[in-house]
Amino acid sequence: MYKSINYYKNFSDLLKNQINTESIYILFITETIEFNREELSKLDIKYYGAIFPKIIYNNQAYSKGILLIELNKNDRVIFYEDMDESSFCESEFETAKSIITIFDGLSSLATKFIENIFENIKLHTNILGGGSGCMQKNKRDTIFSNRGFFQNSALVVLLERKVEISVCHGWEYLEGPFIATKTGNNLIEEIDFDNAFENYKTIVEADCKEKLTKENFSEISIRYPLGIIKFNGESLIRDPFSFDEEGRLILAGDINCNAIFNILKGDKKALIEDISKASEKISANGCDEIFMFECVSRQQFLQESFDEEVEQILSNSNIKNIHGVFSIGELGNDANRYVYILNKSCVIGGMYVTE
Amino acid sequence: MSLSKLSISYRCHNSIGNSLNLRKMTNEFLKTFVTQTDAVHGSYYIKEEKSFEQFINIGKNICLVLSELNIDENKEVIEESFNSKFKLLIFKVENGYMLFIYSKDANTNLIKKIFESFKNKLNISINSCLNVEKLKKTNEVLFEQKQQLEKMTAYLKDEIDAAIKINMQKEKRLFEQSKMLQMGELISNIAHQWRQPLSVITTAASGMKIKKDLELLDDEEFRRYIKSILDNSKYLSNTLDEFSEYIKEGQKQKDVIIQDRLKLALSLIESSFLIEKIEVIEGYVEEEAIIIKLIIGDLLRVLISLFNNSKDAFIIKEIEKRWVKYEIFKQKDKAIITFEDNAGGIPESIIDKIFNPYFTTKHQYKGTGIGLYSSYDVVVNKLGGNLSVENSEFGAKFTIELPIISTLE
């Protein structure tokens, strides 16, 4: 997946480092870092990058820092300055065995863009990736290249070597099924022909024994995502992070009209167990290093349990190093099924570093 | 039934038939079915004349040639492996096939059962869309034809307008030519009329001079010569007055007595008819004056033209005993003037065309083909009457019908 990966606390540390000017670099930066393009341009390298709420390096999560990834010689990057006006050429993707896609996590264009990528890649090519973005700052331009920052943009890294992919979430059934009888992109207006918020509230309040209000909604709803029922009983997770005055639930991610879903409940132990199982699967394929796109909202629910999660992965598999980012929306498609942007999930990309 | 099967079935049922546009309808259904059943690819192949063409593609961009897959047309569902890690599911549907690609581990039995549960509804919807498309195509063809017709009509209208404009200009020129011709004929007539009195005056003046030189001119003879000169000069003066009246009052509209107009016309053609030895026979002439309001020059031109037409026919046909007979009578509220000659008539094959412009049976140096056309135009369009022709026992018979709308005060 990459030639080297390094962590720097800030730009001045990064600039002190010896950097190969022949290589292409990917920079994953936490939202707390002040991005200094002028300083970076002194390095005279070709770079692309994105801002995330947090980064993971060597089994540890950082809320401040930079991941500098040096790509392998034959890996390529396509930068889409505007996802809406992107044109795709199948031949560009022909040799890629795996694709990492970083997209503007708050853009409504992301779903269509990802579907277009999926249509154009080869049958066996798999995709992993995640949505960039900031949790604290109201910042929309979070993807960049040597040419600067762009809103509604995306970054596609074409890898010559295959990355093993595993997806997990660990959320469990609470109540359902329900039908989203009236929807609009990322809104649910009606559940079972009644006000969406009122229906959701009844179920959640009965379980958490707390009153669900505008003030505590995000704090409570983080534990109660929706699971759209899919083939073979799997769930596609959607995160209701807010509601409006008309009682419409606002989700991270789209939901189609007439979608049937369950209301799910989070249990820290179950979530950690699920990621552990996913890592085991990756490890069984011979991978010893993983790069993960972990949902920032899932991580908010787990809170301090991230170390526990890492411990579980390392103890139950041959995985030695965990790197990655906390993302806003995840992408994990093993080429055996249709592509979706996931929420509240964790996508693990496994690599063979020691071979 | 499992919840996931129920969910997929419900979603797919709801995605069928939401549009009467085949592309939209099948796109929505395929997208739903592909996403709900976790297919990698879904497509609809439509039956064309000799092959199946991919109409919609969802998911991975894959286009297969169905004929290479050796599909058994009698089978409703076909399942076969594809590309080592995948398998194909092909469903026979209305007007084609729906093809899906799944991971080789996918539970295709369940997928087949789900598809079968709404296949009938899907077929009905495809059929409805196809019918609507057929109707649309028919409408489009009709609309295109209508537009072409409208274009053609507009083009023809322009052409007609242009042709009318050219014709009007031509007609104007024709009338000018016609007028000039008639003027020439009038002058020719006046020349004929003047020749004899001028000769008399010249002879009288010469006789007086010779006799005076020979001192043979007595007073009585002198008075006779002078009287002869004065009488003929007066005749010349009268002819000039008539000609002058025709020129001056030619464009004025007033009440006229038809009988007088005919007499004037006769006086203008009299001498040329004498030369050509054409007898003018007066038939029935209404005693009571028939009065109509018109531009006096117009009717005179028509009358002279018809007289001259007979004269020309006599000359061409070299008929020895020549006559033209006219009649004037009243019939209800119409004045009827007829001209009949014994020039043998007009061949039936051309009798319908003789009022057409530029149509002439005369030699090109004599005829222009505008005399009768111009007469017809004056009678019909300016005087509101009718001009017709028929062959009588002896020759051609022209009939002028004029509406009587005024009386002499």
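Among contacts in chain B between residues at least 6 apart in sequence, what percentage join residues at least 24 apart? In this predicted model, the share is 66%. Chain B contains 7 helices and 12 strands, and 29% of its 409 residues are buried.

**Contact between chains A and B**

Chain A contributes 18 residues to the contact, and chain B contributes 22 residues. On the side of chain A that touches chain B, helix α3 (residues 110–120) of chain A gives the most, with 3 residues. The composition of that side of chain A by class is tabulated below.

| Class | Residues on the side of chain A that touches chain B |
|---|---|
| Nonpolar | 8 residues |
| Polar | 6 residues |

**Helix α6 of chain A**

Helix α6 (residues 268–284) of chain A comprises 17 residues. From its first C-alpha to its last, α6(A) reaches 24 Å, close to the 24 Å expected at 1.5 Å a residue. The buried residues in α6(A) are A:Leu271, A:Ile272, A:Ile275, A:Ser276, A:Ala278, A:Ser279, A:Ile282 and A:Ser283. Because these residues cover an arc of only 160 degrees around the axis, they lie on the same side of α6(A). An α-helix has 3.6 residues a turn, so residues three or four places apart point the same way.

The packing partners of the buried residues of α6(A) belong to chain A: the strands β13 (164–168), β21 (289–295) and β25 (346–351), together with the helices α7 (296–302) and α8 (306–316). Just after α6(A), A:Gly286 adopts a positive phi of about 100 degrees.

Terms used. Residues are numbered from 1 along each chain as its sequence is written. Chains are lettered from A and ligands numbered from 1 in the order in which they are written. This is a predicted model: local features need pLDDT of at least 70, side-chain atom pairs count only at pLDDT 80 or more; totals for chains, interfaces and linings use all residues. Two residues are in contact if their C-beta atoms, placed from the backbone, lie within 7 Å. Helices (H or I, at least four residues) and strands (E, at least two) are DSSP runs, numbered from the N terminus. Ala, Val, Leu, Ile, Met, Phe, Trp, Tyr, Cys and Pro count as nonpolar, Asp, Glu, Lys and Arg as charged, and the others, Gly among them, as polar. The expected span of a helix is 1.5 Å times one less than its number of residues. A residue is buried if 20 or more other C-beta atoms lie within 10 Å of its own, exposed if 12 or fewer, and partly exposed in between; C-beta atoms are placed from the backbone. The arc is that of the directions from the helix axis to the C-beta atoms.
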